[in-house]
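This briefing covers helix packing, nonpolar cores and aromatic pairs. Please consult the sequence and the structure alongside the text.

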Amino acid sequence: SRGSYTKGKEISEKVAERLGYECISRDVLLEASKDFNVPEIKLIRAIHDAPSILDRFGYTKEKYIAYIEAAILRHLRKDNTVYCGLAGHFFVKNVAHALKVRIIADLKDRVKNEMEREGISKEEALRIIKKDDEERRKWSKHLYGIDTSDPSLYDLVIHIKKITVDDAVSIICDTITLDRFKTTPESQQAIDDLAVAAEVKAAIVDLKPDVHVTCSNGIVHVDTRSLLSKEQALVQDIQRAAKSIEGVKEIHVNVKLTDPID
């Protein structure tokens, strides 16, 4: 995870190269775009733009995030992967072997990098960065109730200044060799379950976007709401879609019945 223009992408690519790991970032959006037939630009906006009032009622952003989560976890469950970008740490927060890193830099250095990259004024660069930071905070607050810049979300927070890009790469590569970040059967099962749950949610989110999906050893639980008149058809549709996902052994759908005015 990183703010814009903090050299986080460069660090992640160098870490992956040194470790011999796969490195994914924006390419996972293209993958999700193809798999779920959604224009890539909509997925990009879903993870960068703050939610609008219409999104909150129409669940548009939640749908696109479900597709992105499924695509990211598909890679991360294979292990030995570096993901650079917004949202990754949210998806694996309870996976013991996942090392979560935040790269930060001083605002004046970020502004300088933006000015050089885009050939714009200091004032314009500052405006863009502040807007981007605010959008990301709103995004994480809306979807997860937390601030993406909160240091407690990460195992490492590295400030790029005295610590250089190459220093940061060395720190990350040394840290990942600690025993506590080695994959165990239990931690692998945890990420497998997260990946299956994400695939199920992506498969049913068009049917019912306001669903909560969990998985434990292939047993999937779906919690949602419905009118009594629509409950049976909804349950059948969810079960049909979920059973097509590889790794699903059982599917249980819990429906909270609502009044017509809810």
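Ile72 touches Val28, Tyr83 and Phe91, leaving aside residues up to four places away in sequence; contact means heavy atoms within 4.5 Å. The model is predicted, so that local features need pLDDT of at least 70 and side-chain atom pairs count only at pLDDT 80 or more, whereas totals for chains, interfaces and linings use all residues. Residues are numbered from 1 along each chain as its sequence is written, and side-chain values use heavy atoms, with hydrogens and water left out.

**Nonpolar cores**

- The largest nonpolar core has 33 residues, and those with the most contacts inside it are Leu43, Ile72, Leu73, Leu76, Phe91, Val92 and Trp139.
- At least two residues of this core come from each of α2, α3 (40-48), α5, α6 (88-91), α8 (122-144) and α10 (185-204), and α5 gives the most, with 10 residues.
- A second, separate core of 19 residues includes Val235, Ala242, Val248 and Val253.
- A nonpolar core is a set of buried Ala, Val, Leu, Ile, Met, Phe, Trp, Tyr and Cys residues joined through side-chain atoms within 4.5 Å; buried means under 20% relative accessible area, with a 1.4 Å probe and protein chains only.

**Packing of α2 and α5**

- Helix α2 (residues 27-36) and helix α5 (residues 60-76) pack at an angle of about 115°, with their axes 9 Å apart; helices are DSSP runs of H or I with at least four residues, numbered from the N terminus.
- Axes are lines fitted to C-alpha atoms over the stretch in contact, and angles run from 0 to 180 degrees between N-to-C directions.
- On the α2 side, Val28, Leu29, Glu31, Ala32, Asp35 and Phe36 meet Tyr67, Ile68, Ala70, Ala71, Ile72, Arg74 and His75 of α5.
- The residues of this contact divide into 9 nonpolar, 1 polar and 3 charged; Ala, Val, Leu, Ile, Met, Phe, Trp, Tyr, Cys and Pro count as nonpolar, Asp, Glu, Lys and Arg as charged, and the others as polar.

**Aromatic pairs**

- There are 2 aromatic pairs, where rings of Phe, Tyr and Trp (its six-membered ring) pair if their centres lie within 6.5 Å.
- The rings of Phe36 and Tyr67 are stacked (planes under 30 degrees apart), because their centres are 4.6 Å apart and their planes at 15°.
- This pair links Phe36 in helix α2 with Tyr67 in helix α5, 31 residues apart.
- Tyr67 counts as buried, at 5% relative accessibility.
- Ring pairs link Phe36, Tyr64 and Tyr67 into a cluster.

Definitions and conventions
Buried means under 20% relative accessible area, exposed over 50%, partly exposed in between (1.4 Å probe, protein chains only). Rings of Phe, Tyr and Trp (its six-membered ring) pair if their centres lie within 6.5 Å; planes under 30 degrees apart count as stacked, over 60 as edge-to-face and the rest as tilted.
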